[in-house]
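Please look at the structure on the screen while I speak.

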Amino acid sequence: MAGFSFSVLSRAASGLSARLLVLTVLFVLLGEIFIYVPSIARHRMVFLEERIEAARIAALAVEASPDGMVTEELRLALLDRAGVAAVSLKRPGSRRLVLADDMPVTVDASFDLREATPLRLIAHAADTLRHGGERTIRVMGVAPGDSSDTMVDIVLPETPMFASMLDYSGRILVLSIILAFVVAGLVYLSLHWLMVLPLGRMTDSLVSFRRAPEDAAATVRVSGRRDEIGLAQRELQVMQRRVRAALRQRARLAALGTGVTKINHDLRNMLATAAVLTDRLAMARDPEVQKLAHPLVAAIDRAITLCTHTLSFATGRLPAPRRTSFALAPLVDDVGAALSIDENSVIWRNDVPPELQVTADRDQLYRVIINLAQNAAQALACRDGGGTLRIDAWDDAGGTVVEVADTGPGIPAPVREHLFEAFADGGGSEGTGLGLAIARELMRNHGGDIDLERSDHEGTVFRLRLPDVPDRETTDTPDE
């Protein structure tokens, strides 16, 4: 339990939540700095304006006396109440010193509030804080209620203003810290609820999924959110399901490879026996028997080769293509002869130009074309009225294109989404779902590919693309 608590605390201290909290506090304090700079300048300005107003009231008291003179006690009281050392009034054509301290003072700096600008106020406030209140300053300005041609000129020590600015700065600092933590706490709680907790659950799901991909309980739970977090949850769930399905499919492929390994030896012996018998048939003198025996020998040889290569496909080790240059039209004729089709319902057309030459592994290309042709023939046989199965080919930029087309009912949309996946549902009761997967692997083994060009109610069209191969890469005899 203690280890769990330590782990939780460690994760909270080093996780996204802690970083959000620290960053929020820093950003709020940074924002308060930008607010503090003009506000401290404004505070200094208000302080001086209050001294101007107090000095003007003191001057009015002096002017209200019968002879413009006041007693020494009243003069000191007026200067102390105004917080200044001297007060002068300047009017058009005259200037009068109304009140002054007995001790002479030296003015260190002068400021005219009438010429104040925001930048100047900020600079003057910084200057006051830098000198620490040790100066005596002169300030000129217009008191409230006076005309603009009546100027109040005062001399005062900077110490009280510096102390007031320090007090104001301290209050601003305390308020900023409180505001920073309050805002940071609110932002932390909201982001923790909206982002950190969902991301934490997604992270836990990813860790659990990595440890046990087959466990369905490791799938992330999807909330009803419509934002980016909800989208990420849904996409992660889809990805986990697809990866789990792919792992199951790989397990099935591994099982297939194990099964093929066990039956491969016995099946090859059976086919070898059949090959010996067909060789004897081919030696018969009857022309009709010889005519049937030669395709049978070729079919058994291809079956032996297929048996040998199936294990390589199941384990992901396809043999390298044994490329030769040959005419494509005769190979397509062999495909047509090997198909079991009803000539009354299915029209077979070999539109490949007789002169067209390709460079490929003849047996592998035969397997690809006959697989597509068999699928098309089965689709046409299930359709009322049959249809046409056509194979065409032509030279294209950088290679050769072979087209296998039919006028069948088309491939259903759900099947098209997983068309080239092994063991995918082909929409029928026959077949294992390996045919198109093997065909694509064989084409890619040649450096080409196979694509579904079109499939609708008018028919289905597959296109094979074989790249051109330099002559030095072509072998006329199989490799050892």
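Leaving aside its neighbours within four places in sequence, Leu365 is in contact with Phe326, Leu328, Val358, Ala360, Met443, Leu464 and Leu466. Contact here means heavy atoms within 4.5 Å.

Before I continue, a word on the origin of these values. This is a predicted model, in which local features need pLDDT of at least 70 and side-chain atom pairs count only at pLDDT 80 or more, while totals for chains, interfaces and linings use all residues. Residues are numbered from 1 along each chain as its sequence is written, and side-chain values use heavy atoms, with hydrogens and water left out.

Let us turn to the cores. A nonpolar core is a set of buried Ala, Val, Leu, Ile, Met, Phe, Trp, Tyr and Cys residues joined through side-chain atoms within 4.5 Å. Buried means under 20% relative accessible area, exposed over 50%, and partly exposed in between, with a 1.4 Å probe and protein chains only. Which residues touch the most other members of the largest nonpolar core? Among its 39 residues, they are Leu328, Leu365, Ile369 and Leu464. At least two residues of this core come from each of helix H8 (328-338), strand E8 (357-360), helix H9 (362-381), strand E9 (387-396), strand E10 (399-406), helix H11 (435-445) and strand E12 (459-467). Helices (H or I, at least four residues) and strands (E, at least two) are DSSP runs, numbered from the N terminus. H9 gives the most to this core, with nine residues. Apart from it lies another core, of 33 residues, including Met45, Ala59, Ala82 and Ile137.

Next, please find strand E9. Two strands pair if DSSP finds at least two bridges between them. Strand E7 (residues 346-350) pairs with E9 in the parallel sense over five bridges, and the partner of Asn350 in E9 is Ile391. E9 and E10, in contrast, run antiparallel and are joined by eight bridges; here Ala393 stands opposite Val402 in E10. E9 and E10 form a hairpin with two residues between them, and Gly398 in the turn has a positive phi of about 85 degrees.

I now come to charge. Side chains of opposite charge can pair when their charged atoms come close. A salt bridge is a side-chain nitrogen of Lys or Arg within 4 Å of a carboxyl oxygen of Asp or Glu. How many salt bridges does a search of the whole structure find? The search finds 23.

Consider Arg135. Its side chain meets that of Glu158 in a salt bridge, 2.8 Å from N to O. This pair links distant parts of the chain, 23 residues apart: Arg135 is in the loop between helix H4 (118-131) and strand E4 (136-141), and Glu158 is in the loop between strand E5 (151-157) and helix H5 (159-211). Arg135 also forms a salt bridge with Asp127, the closest N and O atoms being 2.8 Å apart. Are these residues buried or exposed? Both Arg135 and Asp127 are buried. Glu158 counts as buried because its relative accessible area is 0%.

A second case is Arg465, which forms a salt bridge with Asp451, the closest N and O atoms being 3.2 Å apart. Arg465 lies in strand E12 and Asp451 in strand E11 (residues 449-456), 14 residues apart. Arg465 is at 32% relative accessibility and therefore counts as partly exposed, and Asp451 is partly exposed at 27%. Finally, Arg390, Asp392, Glu403, Glu453 and Arg463 are linked in a network of salt bridges.
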